[in-house]
Amino acid sequence: ESEGQRPAPAPPLEWAGWPASDAEQFRGVDNVVATARRRLRLEMRPARVREAGWPVPRVTIVHRLANRRILNVDLLSETLRDEGMAVTIVSLECLPLEAQVAVVSNSSTLMGIHGAGLTLGHTLPEDALVLELRTGACTEEARGVPYQMRAAARIVPAPREAVMPTRACPPPWKYNTRERDGVADIAAILDAIYELDPVASKAPAWERNRTRWLDVTHRPGGQPAQAGIS
């Protein structure tokens, strides 16, 4: 190009099935996922986890860097890995959108503290699980407000003993502020994964893990034993 001439603008990105205003072409989130994975040269996302043949649950933890951090994320990830799960910790603010989509859509469980990043749960296989962690010990359910993002979803409040042992539910809304860092209730998370994750809850190979976890967490007296120790 000659000196002084401006380069031609780059052509706009084209996403198959868009724009959304074209009812005959628009196929929504599925096309966004397929396009993102194709650009990154990844295999296509399965429609359902149970059809993919994944041998272990794939758990993606959204961990913010500035606020609403999971303070015990290291212990959480270590515990899940000890259970035999594949764990990815991702800070979405560090990734372009198509990389965010590619990482999240490869999960059987997506979790993180309440925030916009969890809307990427709509890019998951249809039977995957979304766990929304809260920084307070009481959630909307304590006030009778229903919540449902997808077929498999659960809100997991912070452990009450750790964050508000002297108060009853429901507390004033200020105790459930969305801007605080949070403590993950690891036992409640494992309960949800073994109940709702399509691999951990259904795959025959995971029956032993499920049975052991129930035995560990539901012993008389309410004192869980260490895994593998009777």
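User: What does buried mean here?
Analyst: Buried means under 20% relative accessible area, with exposed over 50% and partly exposed in between (1.4 Å probe, protein chains only). The model is predicted, so to speak of local features needs pLDDT of at least 70, side-chain atom pairs count only at pLDDT 80 or more, and totals for chains, interfaces and linings use all residues. Residues are numbered from 1 along each chain as its sequence is written, and side-chain values use heavy atoms, leaving out hydrogens and water.

User: Okay, which way do the residues of strand 3 point?
Analyst: Thr109, Met111 and Ile113 point one way from strand 3, while Leu110 and Gly112 point the other way, and all are buried. Strands (E, at least two residues) and helices (H or I, at least four) are DSSP runs, numbered from the N terminus.

User: And how many bridges join strand 3 to strand 4?
Analyst: Five bridges join strand 3 to strand 4 (residues 129-133), and the two run parallel; strands pair if DSSP finds at least two bridges between them. Strand 1 is joined to strand 3 by four bridges, also in a parallel arrangement.

User: What does Thr109 stand opposite in strand 4?
Analyst: Thr109 stands opposite Leu129 in strand 4, and Thr109 is also the bridge partner of Val59.

User: Switching to helix 2, which residues are buried?
Analyst: In helix 2, which spans residues 73-82, the buried residues are Val73, Leu76, Ser77 and Leu80. They lie on the same side of helix 2 because they cover an arc of only 90° around the axis, taken from the directions from the helix axis to the C-beta atoms.

User: What's on the face turned away?
Analyst: That face of helix 2 carries the exposed residues Asp74, Leu75 and Asp82, and after the helix comes Gly84, whose phi is positive, near 95°.
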